[in-house]
Amino acid sequence: MEKIYFVGAGPGDEELISLKGYRLLKRADIVIFAGSLVNPKLLDYCKEDCQIYDSSVLYLEEIIEIMRDGAKKDKIVVRLQTGDVSIYGSIREQAEELKKIGIDYESVAGISSFLGAAASLGIEYTVPEISQSLIITRLEGRTPVPKLEKLELLAEHKTSMAIFLSVQNIEKVVEKLLEGAYEENTPIAVVYKATWEDEKIVMGTLNDITQKVKNSEISKTALILVGDFLGDKYNYSKLYSKYFSHEYRDAIYNRNK
Ligand code: SAH
């Protein structure tokens with residue numbers, strides 16, 4: 001019996017899938033892809049007789065049934081999801097269901113959209129002495145968020161944040177961020193469809209972002225990135241400083257000794 005492959009499709013650009021994922025897609029007999037978010041151009045990598053299912057119209061039971069059927073017939077089944085499957089990928093429940101019926105699975109890492117968005121902006125989330133942590137989170141919606149992870153509590157850290165699944169409530173996001181430690185002039189970016197051809201980037205501050213997002217009519221498939229890493233202040237890292245020695249390289253005053 002074959003195993004199931006959970007493959008991260010990357011954020012959008014069809015070249016941002018891993019080589020491993022690409023090779024699996026080429027060999028796949030069955031692909032179940034998240035039609036609401038995965039770039040359909042990725043399906044061009046599949047062979048002509050590959051059976052393709054869009055999971056956005058399926059229940060969990062139906063997805064598992066397709067997987068079971070394929071695995072039993074020794075087919076290569078790829079479950080293709082956006083970004084990386086470990087972030088809001090709903091793979092836990094699929095994995096548990098597969099375990100129950102004795103089917104193995106393997107995950108193939110993908111480039112999450114928060115990484116695609118960072119590349120589009122050309123930024124670093126971890127600017128020395130400005131922020132050394134990145135919080136990945138979401139506003140609670142129909143899916144509740146554990147009490148200790150409320151946005152206003154996480155915002156107390158004033159570090160870099162990538163907020164998923166929340167742009168439709170940008171007003172509320174801003175309100176919660178301000179309840180925490182961010183300020184009216186803290187920079188914030190909204191990246192819609194990062195790395196897709198129709199990507200849109202809206203930059204602002206907590207003071208004006210709500211209006212700007214409304215004007216741009218972005219209401220889904222976007223990330224909210226917030227924090228001083230987007231601002232003008234920065235420091236150089238020690239890593240490449242000539243006054244700093246480490247395991248692989250001496251500081252300049254020791255170099256030629
Ligand atoms: N597993 C995915 C996230 C799936 S949850 C990942 O690793 O990226 C879906 C949410 O991800 C969307 O609501 C949006 O907030 C974000 N998202 C996914 N693709 C995106 C993209 N190309 N640009 C911006 N945000 C994206």
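User: Which residues come nearest to the ligand?

Analyst: A residue is near a molecule if one of its heavy atoms lies within 4 Å of it. The ligand has 18 residues around it, and Ile87, Ser112, Ser113, Ala194 and Ala222 come nearest. This is a predicted model, where local features need pLDDT of at least 70 and side-chain atom pairs pLDDT 80 or more, while totals for chains, interfaces and linings use all residues. Residues are numbered from 1 along each chain as its sequence is written, and side-chain values use heavy atoms, without hydrogens and water.

User: Which residues lie nearest the centre of the largest pocket, and how many line it?

Analyst: Leu37, Thr82, Ile87, Tyr88 and Leu165 lie nearest its centre, and 47 residues form the lining. A pocket is an open set of points on a 1 Å grid over the protein atoms alone, where a 1.4 Å probe fits, with protein on both sides within 12 Å along at least five of seven lines; lining residues have an atom within 4 Å of a point. The volume (space filled by probe spheres set on the points) is about 1400 Å³.

User: Why is the largest pocket said to lie between domains?

Analyst: Domain 1 (3–111) and domain 2 (114–230), with bounds from an automatic or database assignment, both give lining residues, so the largest pocket lies between them. Strand 6 (a DSSP run of E, at least two residues) gives the largest share, 3 residues.

User: How many residues of each class line the largest pocket?

Analyst: Its lining has 20 nonpolar, 18 polar and 9 charged residues. Asp, Glu, Lys and Arg count as charged, Ala, Val, Leu, Ile, Met, Phe, Trp, Tyr, Cys and Pro as nonpolar, and the others as polar.

Terms used
Helices (H or I, at least four residues) and strands (E, at least two) are DSSP runs, numbered from the N terminus.
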